[in-house]
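Open the model in your viewer and keep the selection panel at hand. Each stop below says what to select and what is there.

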Amino acid sequence: MHNAKKTVTIYRKRWDSEKGLDVYEGTVIPNVSFFSRIATAVSTDGMAAACEGILRIPKAVYGDHLLALKAGDLVCEGALPVAGQTPTALDKQCPYVFTVVGVTKNLTGREPHVKVVCK
């Protein structure tokens, strides 16, 4: 995949019934394509802007566990610690913590990959 030279850390959210809260389990993934941009929308209240991240994970890189990515999971650029993280702790370590809003599995064609859209 073109420009698949970045590393990201993905934190999958799951409910811990014993603790009674969400916990985040991280996975460092090298050799992916990741970029961010400013997305704008016009509404009756004016113009709204938000930072949007686009992550593409080549089929050759991801394991089956990544196919379970879902809305609410977190993405940070770079290799970060994978255990014991919270959204607040990640805000202190990573300039932009993106929340997954959509996952598209493009598993056929010339460059099969999973596309992850984040806000």
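**First stop: a cysteine**

Select cysteine 51: at 24% relative accessibility, this residue counts as partly exposed (buried is under 20% relative accessible area, exposed over 50%, partly exposed in between, with a 1.4 Å probe and protein chains only). Residues are numbered from 1 along each chain as its sequence is written. This is a predicted model, in which local features need pLDDT of at least 70, side-chain atom pairs count only at pLDDT 80 or more, and totals for chains, interfaces and linings use all residues; side-chain values use heavy atoms, leaving out hydrogens and water.

**The other cysteines**

How many disulfides are there in the whole structure? A search finds 0, with a disulfide taken as a pair of cysteine sulfur atoms within 2.5 Å. Cysteine 51 is in none; its nearest cysteine sulfur belongs to cysteine 118, 10 Å away. Now select cysteine 76 and cysteine 94. The sulfur of cysteine 76 has its closest cysteine sulfur in cysteine 94, but at 3.5 Å that is too far for a bond. Cysteine 76 is buried, at 0% relative accessible area.

**The helix**

Move to helix α1, residues 87–93, and pick leucine 90 within it. (Helices are DSSP runs of H or I, at least four residues; strands are runs of E, at least two; both are numbered from the N terminus.) Is leucine 90 buried or exposed? Leucine 90 counts as buried because its relative accessibility is 0%. Show its contacts (heavy atoms within 4.5 Å). Beyond residues up to four places away in sequence, leucine 90 touches Tyr11, Leu74, Cys76, Leu80, Gln85 and Val97.

**The cores**

Next, select Val8, Ile10, Leu55, Ile57, Val75 and Val116. Of the 15 residues in the largest nonpolar core, these touch the most other members. (A nonpolar core is a set of buried Ala, Val, Leu, Ile, Met, Phe, Trp, Tyr and Cys residues joined through side-chain atoms within 4.5 Å.) Colour β1 (6–16), β2 (21–43), β3 (46–58), β5 (97–106) and β6 (113–118): each supplies at least two residues of this core. A second, separate core has 7 residues, including Tyr11, Tyr24, Leu74 and Cys94.

**Zoom out**

Show the whole chain as a cartoon. The protein has 1 helix and 6 strands, in the order β-β-β-β-α-β-β along the sequence. Its C-alpha trace spans about 45 × 45 × 25 Å along the principal axes. Finally, colour by burial: buried residues make up 32% of the 119 residues.
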